Amino acid sequence: MMETGRSLMDAVRERCGRCSGRSLSICNVIDDQDLPALVAASSRVVVSSGRCFIQEGAPAHDFYVLTGGRAKLFTLMPDGRRQIVGFAELGDFLGLTSSETYAFTAEALGDVTLCRFPHSAIDRLVERFPRLRGRLQKEASSELVKMQSRLMVLGRKTARERLASFLVEQASPCCGHHALHDEQEPITLPLPMSRTDIADYLGLTIETVSRTFGLFRKEGLISVKGASSVTLLAPGVLSDIANGIKRD
């Protein structure tokens, strides 16, 4: 959606000035004075909870930057079984693909806000702002690292290690993987995804996930209030469990 003049500057103030995801997203390589070009090339999208904004197999015409909320990413097998491949967070860039169609479906976990960029707009922005190309390459590299880590979780780790890995992964945006290893203070995390979502993501049954959550509570590693948040009482211990390290 193209905007000009005063309406464009109003959009810059409204969207970029208040965007808590800008420092985390691909937009962080664009200087403040160049934000009008970014806004002119994109449109703001609001998606209500449970709605999909990317459909697996649909033509991949757009990229999205998640500027508010969370989303789950999943694929479907021919027989209808679902595999959750990730949970998108603030600042994540979705739809980066060399294919002509999307490889996954993205569904809002709670209300979600996004900036949508047509592929053609991204091509023009990369030409105008060369640093953006490097940022996109970094994003693609990060996705590869996540994929390799996920293969390790699914292929080699026990149920206990998988759930610990998931909790560490959810905590990493606020403190980082390395810092979490030595973290002693409790960390409270929002968990907008259901236990079924977590089970699908980890390749476990919902019974196994619920049982492992219960064991972590009994061991004093976590506390749970309601279904939408968890407090890591011993983040360092959970980090060690995730990495297969046994403490004396």
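The lining of the second largest pocket divides into six nonpolar, two polar and three charged residues. Here Ala, Val, Leu, Ile, Met, Phe, Trp, Tyr, Cys and Pro count as nonpolar, Asp, Glu, Lys and Arg as charged, and the others, Gly among them, as polar. The model is predicted: local features need pLDDT of at least 70, side-chain atom pairs count only at pLDDT 80 or more, and totals for chains, interfaces and linings use all residues. Residues are numbered from 1 along each chain as its sequence is written, and side-chain values use heavy atoms, with hydrogens and water left out.

The lining includes F63, L96, H119 and R133. A pocket is an open set of points on a 1 Å grid over the protein atoms alone, where a 1.4 Å probe fits, with protein on both sides within 12 Å along at least five of seven lines; lining residues have an atom within 4 Å of a point. Helix α3 gives the largest share of this lining, five residues. Helices are DSSP runs (H or I, at least four residues), strands likewise (E, at least two), numbered from the N terminus.

Five aromatic pairs occur in the structure. Rings of Phe, Tyr and Trp (its six-membered ring) pair if their centres lie within 6.5 Å; planes under 30 degrees apart count as stacked, over 60 as edge-to-face and the rest as tilted. F53 and Y64 pair edge-to-face, at 5.5 Å centre to centre and 65° between the planes. F53 lies in strand β2, Y64 in strand β3. Both F53 and Y64 are buried (under 20% relative accessible area; exposed is over 50%, partly exposed in between; 1.4 Å probe, protein chains only).
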